[in-house]
Amino acid sequence: MTSNVLLRCRGLSAAVEDKQILHDIDLQVPQGEVHVLMGPNGAGKSTLGHVLMGNPAYEVIGGDIEFDGADITELTPDKRSQAGLFLSFQAPVEIPGVPLRSFLRAMMEGRGEKMKNKEFRKKTQALAETLDMDPAYLDRELGVGFSGGEKKKVEMLQLLLLQPKLAILDETDSGLDVDALSVVSRGMELYREQCDGTLLIITHNTRILEHLNVDRVHVMVSGHMVAEGTAELIDEIDAQGFERYEASISPSEGAHSGRPDTK
Amino acid sequence: MAETKTTVTASGKKRTQVDDVDRSMYDFRYDDADAEKLDAGLTPDIVREISERKDEPAWMLEHRLKSLEIFNSIDMSDWGPSIDGLDMDNIVTYVKPNTDQKSDWESVPDNIKDTFDRLGIPQAERSYLAGVGAQYDSELVYHSMQESAAKMGIVYSGIEEALHGEYADLIKEKFMTLIPPTDHKFAALHGAVWSGGSFVYVPKGVKLDYPLQSYFRLNAKGAGQFEHTLIIVEDDADLHFIEGCSAPKYNVANLHAGAVELFVGKRAHLRYSTIENWSKNMYNLNTKRCRCDEEGEIEWISGSFGSHVGYLYPMSILAGRKARASFTGITFAGRGQNLDTGCKVVLAAKDTSASIETKGISKDGGIQTFRSSVVATPAAEGSRCSVSCQSLMLDDRSRSDTIPAMDIRCKNVDIGHEATIGRIGDDKVFYLMSRGISEEEARTMIVNGFAEPISKELPLEYAVEMNNLIKLEMEGAIG
Amino acid sequence: METTHVTIERASAMPAATWHFLNMNDTQIEMPEGLSIAPAVQVSEPWAARGAADEFENALADAQVEWEKSHPAPTAEELAEREAYVAAEVDATYGGTAQSAYQIAADAIEESRSLAVAFEHGTGDEAAAYLRYAAGDRIVVAVKEGQSVDAQVVVSAVPGAVSAAAVDVIADANSAVNLSLVVDAPTAPGQSGASAGITGTTVRVFADEGARVEIDRTQAVDGDFTDIDDMGLFTAENAQVAVRQTVLGAAASFTGLAGDLRGDSSRIDVDTRYLGHSDQKRDFNYSLRHHGAKTKCNLQANGVLAGTSSKTLRGTIDLIRGCKGAEGSENETVLLVDEGVHNKTVPVILCNEDDVAGNHGATIGHIREEQLFYLASRGLSQQAAESMFASAIVEQAAIDATTDAARESVVRYGERLNPGFADLFEE
């Protein structure tokens with residue numbers, strides 16, 4: 001663990017509408033590693049992802065977040081994104097009236113990459129093909145009428161286009177959808193290949209991790225970080241579930257109902 | 001209770017006929033022979049005479065005469081229900097009942113007392129009100145308030161009386177500033193001939209737990225009622241004010257052109273509830289407005305059941321940061337009624353919010369229009385407003401129109417609007433009937449459910465009255 | 001020939017007016033003096049679909065005969081009964097229901113029992129007459145039963161002139177028509193805007209039983225032009241008309257669409273997209289009258305207002321007695337991206353039939369919070385997100401263009417707004 005720490009949060013606590021849902025979270029993700037954040041439904045995993053990304057729906061009431069050597073606790077999400085942080089959404093929003101490629105171009109321009117339109121077109125089309133995505137989707141309104149798998153492809157396309165330093169993939173539910181699962185696996189693989197990216201994968205389903213070399217596993221229950229370990233922890237949880245961790249948290253500290261609303 | 005005739009038609013279906021049954025309890029009346037009357041029609045002399053009788057300050061006479069000029073110079077609006085049935089030259093605009101204002105119920109003349117007794121006013125006072133005012137035709141006849149409220153420094157009196165008292169200057173400062181006589185023709189008329197009404201003053205930080213109530217009764221035939229209500233709720237204070245109106249039915253037009261001006265201070269709260277049940281010869285052209293300062297809140301609860309023609313759009317001007325308004329209203333238009341109701345909101349400061357929820361019901365050829373305007377000025381940054389409007393058509397002879405306007409001049413606002421119109425679903429009626437409920441009962445139940453968001457906001461007594469009004473309107477709706 | 005100064009006072013008026021202080025009931029269209037009448041119109045349609053000048057009037061007259069068969073005039077008995085009811089009402093209710101001027105006018109239209117009287121132009125008769133005069137001969141597209149035709153009309157803006165087209169579409173039973181209207185300014189950049197002018201189209205559509213008519217109107221005029229888009233639609237039983245309107249350019253644009261959903265189970269869909277920037281003015285008026293049973297209409301309007309642009313949208317759905325089972329809906333989304341924009345909306349539902357479903361919704365304001373967070377998480381500031389929404393309107397119009405002429409027109413407009421835009425659409 002001597003490698004360069006890319007993301008570090010210390011004593012991070014957050015609340016939504018005066019209800020505390022993250023309690024004193026400590027987390028470190030070193031550059032180039034693959035980390036997994038696990039926990040039962042309602043553990044606050046997705047919330048942590050959103051808080052790291054700076055969703056204004058949550059209020060940070062304690063602790064700080066350091067990314068790539070800088071304190072980003074007070075930064076707005078667009079600044080965090082430009083600093084190299086990425087969050088894939090469990091349920092990406094729909095944006096009627098905005099064709100996917102208009103969005104992608106605005107995204108690139110947002111970080112000062114004045115790519116020529118022709119070049120941009122070629123690049124997005126090539127990426128779409130890599131992800132087995134029909135380039136016609138580029139002309140469709142963002143997310144409108146897309147299936148779960150298609151939405152995931154759009155998220156992965158953005159991941160590969162942006163090549164962030166750290167990608168937080170909120171895949172809490174995608175284990176349920178076989179299509180989505182394979183899209184995400186392919187996306188993660190390419191991301192690791194292309195830019196030696198750092199990953200924090202949020203899941204409670206372990207199938208998604210089958211082809212990955214996981215460095216560390218973190219376990220959350222009821223808004224608390226309750227365990228950390230090596231990849232072996234995954235098999236253990238697969239076999240035994242979260243019960244023994246849940247027992248360690250008193251019910252009064254529950255963090256249920258704090259899941260981010262990304263609809 | 002009203003008389004109902006039940007007949008069985010050839011098809012064997014029971015048919016209940018109701019002749020204005022809902023209003024018969026309001027319809028008893030006393031001969032107005034004793035009352036002094038002024039000549040019909042409106043002249044500067046009449047206006048002078050009104051002012052003279054009231055021994056008013058000079059500025060008020062000036063205000064009246066100016067208003068009369070405005071009244072004569074502006075046209076009636078061309079978009080609303082026809083007021084052709086209202087012949088201004090034949091309206092006795094001022095009727096002075098044969099009594100002075102009393103604060104002792106026993107000394108109110110018997111016929112007037114009996115009227116209010118029948119309407120349940122004194123009982124209401126005993127049971128749940130902090131104060132009561134009663135206006136009979138043009139004048140307040142009764143005004144009283146619980147001692148506890150008076151001790152808190154709350155003033156609740158006739159506005160004419162108050163014009164001669166400690167708050168005379170305050171009244172002069174506020175009077176018809178929210179509703180200037182230039183606003184529309186009947187605001188001008190009101191400015192010229194207003195008479196009676198209440199003045200309420202709630203000092204800073206004073207919170208009254210029980211409502212104050214004013215009851216308006218228009219008894220004289222072919223008359224007008226033009227009461228002026230002025231309520232000032234100072235910073236951090238809290239008040240609930242209830243207004244009830246009724247009149248017996250005559251075969252000539254009556255006119256109600258009252259004005260209600262409400263001033264809500266910083267962090268203050270005012271709830272203004274109205275159940276309007278004027279008789280169906282009434283032209284109700286009432287104007288109500290409220291101004292809210294920083295974090296002040298106005299809540300309007302409004303039920304419109306009576307009147308032949310109604311123009312009623314309580315307006316909320318949110319002038320201070322984080323001021324709030326809510327409007328909850330129901331309008332039920334039955335046979336021969338054309339009720340044009342709704343509300344106006346002006347979002348004129350940062351972070352203000354307004355929510356409007358209305359229900360409209362039309363039946364038996366009645367016309368019900370929801371009309372609103374939401375204006376967000378360039379100063380309304382961060383403000384939000386939602387409008388939700390539902391109309392229920394009970395048959396295909398009636399009409400329900402929805403005309404909501406939004407004028408938005410500010411970028412960072414959220415303005416939402418939704419409206420639906422339709423009838424009672426056959427499936428719902430069938431479901432209830434399959435549980436042994438008659439069709440009429442089922443439909444009444446559904447309409448009551450439709451009205452529930454409004455009735456639940458009313459004090460219990462009024463909610464019961466409203467449910468009764470709906471029940472009576474619904475009788476005979478089948479067949 | 002030069003025009004004199006004309007002001008059309010009550011153009012695009014909504015049927016049921018509201019408070020005058022809002023200044024929303026109607027609009028004024030100023031026609032400057034000294035314009036020449038110079039229609040620059042290209043038509044491409046199969047010769048077989050050329051109709052006679054009075055084809056529309058004839059079709060409506062035939063429909064009148066048919067309609068009367070299924071809707072006989074009330075018998076003397078029924079009239080007497082109705083009169084008795086009204087008389088009783090007058091007695092019982094103090095002079096009868098005090099109808100407003102609009103309610104009286106609406107009843108008069110129904111009582112006339114005339115399809116011609118009920119037929120409306122969206123921008124009003126006066127504006128339609130002006131355009132018809134300026135356009136000269138009507139372009140009549142008449143499609144025979146069961147046939148299918150694509151037609152295209154391109155109106156080019158002419159500086160200092162009125163360039164307009166008047167189009168009638170008569171779609172016989174079970175025919176299909178695709179009409180593309182492109183209003184374009186093919187002048188070189190820099191040259192345009194030097195001199196004001198007017199462009200416009202006035203379109204009447206008669207969709208007979210089971211006919212399918214699709215109209216796509218794209219307007220990408222720039223400069224100081226005023227554009228007027230006038231339509232009047234008639235649908236017979238089971239007919240369907242779908243209209244898409246894309247409003248990108250012109251200093252002032254007036255869009256008016258009226259429809260008489262006369263035949264049972266007929267349907268009209270309107271999809272409007274617009275962009276307002278700099279100090280452009282946008283005016284929309286929709287009036288859809290449901291006469292037939294089980295008729296449907298759906299109005300969708302989506303727009304972005306930037307700069308100091310202003311917009312008024314009047315949308316009226318009228319559910320008229322007898323339209324049992326009809327459904328009308330309208331929905332508007334307006335995104336306001338700059339201080340100084342001015343948006344007015346009045347979504348009206350008029351109804352005197354109980355067995356209907358009517359609904360409308362409007363969302364006015366800024367980008368929704370969850371969208372804003374999503375966009376921010378990809379690096380877009382609020383400002384960047386807003387400008388993306390504005391440019392997306394143009395991009396979407398290019399993507400969705402149904403003809404090359406429409407696409408070229410939009411791309412040319414996009415390129416003027418944002419150099420480099422055209423590269424996105426190079427083949």
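Student: At what angle do helix 10 and helix 11 of chain B pack, and how far apart are their axes?

Tutor: Two packed helices are described by the angle between their axes and by the distance between those axes. In this predicted model, helix 10 (residues 426–433) of chain B and helix 11 (residues 439–455) of chain B pack at an angle of about 125 degrees, and their axes are 9 Å apart. That angle makes helix 10 of chain B oblique to helix 11 of chain B, because angles over 145 degrees would count as roughly antiparallel and those from 65 to 115 as roughly perpendicular. The crossing of helix 10 of chain B and helix 11 of chain B is right-handed.

Student: Which residues meet where helix 10 and helix 11 of chain B are in contact?

Tutor: From helix 10 of chain B come B:Lys428, B:Val429, B:Leu432 and B:Met433, and they meet B:Glu439, B:Ala442, B:Arg443, B:Met445 and B:Ile446 in helix 11 of chain B. Sorted by class, this contact has 6 nonpolar and 3 charged residues, with no polar ones.

Student: How many helices and strands does chain B have, and what share of its residues counts as buried?

Tutor: The secondary structure of chain B comes to 12 helices and 27 strands, and 56% of its 479 residues count as buried. Among contacts in chain B with a separation of 6 or more, 81% are between residues 24 or more positions apart.

Student: How many residues of chain C are in contact with chain B?

Tutor: On the side of chain C there are 49 residues, in contact with 49 residues of chain B. Helix 2 (76–92), helix 3 (101–112), strand 19 (342–351) and strand 20 (356–365) of chain C each supply at least two residues of the side that touches chain B, and by class the residues of that side divide into 22 nonpolar, 19 polar and 8 charged.

Student: What is the pLDDT average of chain C, and where is its pLDDT below 50?

Tutor: Chain C averages a pLDDT of 91, and 95% of its residues score at least 70. The pLDDT is below 50 over residues 188–194 of chain C, a stretch that has 9 contacts in the model beyond near neighbours in sequence.

Student: What ipTM and pTM does the predictor give the complex?

Tutor: For the complex, the predictor gives an ipTM of 0.93 and a pTM of 0.86.

Note on methods:
Residues are numbered from 1 along each chain as its sequence is written. Chains are lettered from A and ligands numbered from 1 in the order in which they are written. This is a predicted model: local features need pLDDT of at least 70, side-chain atom pairs count only at pLDDT 80 or more; totals for chains, interfaces and linings use all residues. Axes are lines fitted to C-alpha atoms, for helices over the stretch in contact, and angles run from 0 to 180 degrees between N-to-C directions. Helices (H or I, at least four residues) and strands (E, at least two) are DSSP runs, numbered from the N terminus. Angles under 35 degrees count as roughly parallel, over 145 as roughly antiparallel, 65 to 115 as roughly perpendicular and the rest as oblique. A crossing is left-handed if the near helix is turned anticlockwise from the far one by less than a right angle, and right-handed if clockwise. Two residues are in contact if their C-beta atoms, placed from the backbone, lie within 7 Å. Ala, Val, Leu, Ile, Met, Phe, Trp, Tyr, Cys and Pro count as nonpolar, Asp, Glu, Lys and Arg as charged, and the others, Gly among them, as polar. pLDDT is the predictor's confidence in each residue, from 0 to 100. A residue is buried if 20 or more other C-beta atoms lie within 10 Å of its own, exposed if 12 or fewer, and partly exposed in between; C-beta atoms are placed from the backbone.
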